Amino acid sequence: MPPVDTRTQILDAAYRLIQKSGAATLTIEAVAKEAGLSKGGVLYHFSSKQKLIEGMLEASLNHFEQEMQKHPQEGPGARTRAYLEATFDFPAVPEIPSAIMAAIATDASYLKIYQERYQIWQAELNQDGLSAERAMLLRLAADGLWMADIFGLSAPAGEARERLRAEMLKLAGGQDE
């Protein structure tokens, strides 16, 4: 396994801190201690708590984009299918949703980072060879599944989850029913 760079080490420490103790404990000092670094070491990479939170949000969005890129990007509905696949695989990282929720709870302006990226993704899905309505329906269904996973809202598991995945991917196949 390659060594973790310092920036990633700091972000991982911030995720852990929020997961363990809540958003209120997120300070540069606490993150430095959790990461095993000096306060100056953290400030070198993130000049303020705001920049650290923005870095956490950007990292979560970039991680999701990387998950999407793992799936084929050709043919009608390919980007939508990649979005769906990434969503089904993404809940395995509980620290990220915690960081998102904690950041937005402390300052709603952080939501703008997510809103901008989702506008880009939806525009891509709208040009994916499916109807814009189907693409949006599938994205919203996937986002609802992700939220159900985060909050334990009777999200499907096991075989039921796999059947749901197959049905959503079928709808993203570009074929009208």
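## Basis of the model

Because the model is predicted, local features are reported only at pLDDT of at least 70 and side-chain atom pairs only at pLDDT 80 or more, whereas totals for chains, interfaces and linings use all residues. Residues are numbered from 1 along each chain as its sequence is written, and side-chain values rest on heavy atoms, with hydrogens and water left out.

## Overall make-up

The secondary structure comprises 9 helices and 0 strands, where helices (H or I, at least four residues) and strands (E, at least two) are DSSP runs numbered from the N terminus. Along the principal axes, the C-alpha atoms fill a box of roughly 60 × 35 × 30 Å.

Of the 177 residues in the protein, 38% are buried; buried stands for under 20% relative accessible area, exposed for over 50%, and partly exposed for values in between, with a 1.4 Å probe and protein chains only. The accessible surface comes to about 9,500 Å², and carbon and sulfur atoms account for 56% of that surface; areas are computed by the Shrake-Rupley method with a 1.4 Å probe, and for residues only the protein chains shown count as cover. Among contacts (heavy atoms within 4.5 Å) between residues at least 6 apart in sequence, 65% join residues at least 24 apart.

## Helix H5

Helix H5 covers residues 78-89, and its end C-alpha atoms lie 16 Å apart, in agreement with the 16 Å that its 12 residues should span at 1.5 Å a residue; the expected span is 1.5 Å times one less than the number of residues. Because 10 of its 12 residues are buried, H5 is largely enclosed by the rest of the structure.

The buried residues of H5 include Arg 79, Tyr 83, Glu 85 and Phe 88. As a group, the buried residues of this helix pack against helix H4 (49-69), helix H7 (111-126), H8 and H9.

## Aromatic pairs

The whole structure holds 5 aromatic pairs. Rings of Phe, Tyr and Trp (its six-membered ring) pair if their centres lie within 6.5 Å, and planes under 30 degrees apart count as stacked, over 60 as edge-to-face and the rest as tilted. In one of these pairs, the rings of Phe 64 and Trp 121 have centres 5.1 Å apart and planes at 50°, so the pair is tilted. This pair links distant parts of the chain, since Phe 64 in helix H4 and Trp 121 in helix H7 are 57 residues apart, and both residues are buried.

Trp 121 also forms an edge-to-face pair with Tyr 83, at 6.0 Å centre to centre and 70° between the planes. Tyr 83 lies in helix H5 and Trp 121 in helix H7, so this pair ties together parts that are 38 residues apart in sequence. Ring pairs link Phe 64, Tyr 83, Tyr 114, Tyr 118 and Trp 121 into a cluster.

## Residues at the surface

Met 147, Phe 151 and Leu 153 form a nonpolar surface patch with about 290 Å² of accessible area together. Leu 153 sits in the loop between helix H8 (132-151) and helix H9 (158-171), and Leu 153 counts as exposed because its relative accessibility is 54%. Patches are made of residues with over 30% relative accessible area and no salt bridge, with like charges joined within 9 Å and nonpolar side chains (Val, Leu, Ile, Met, Phe, Trp, Tyr) within 5 Å; a salt bridge is a side-chain nitrogen of Lys or Arg within 4 Å of a carboxyl oxygen of Asp or Glu.

Leu 43, in helix H3 (residues 39-45), counts as partly exposed at 32% relative accessibility. Leaving aside neighbours within four places in sequence, Leu 43 is in contact with Ile 28 and Ser 48.
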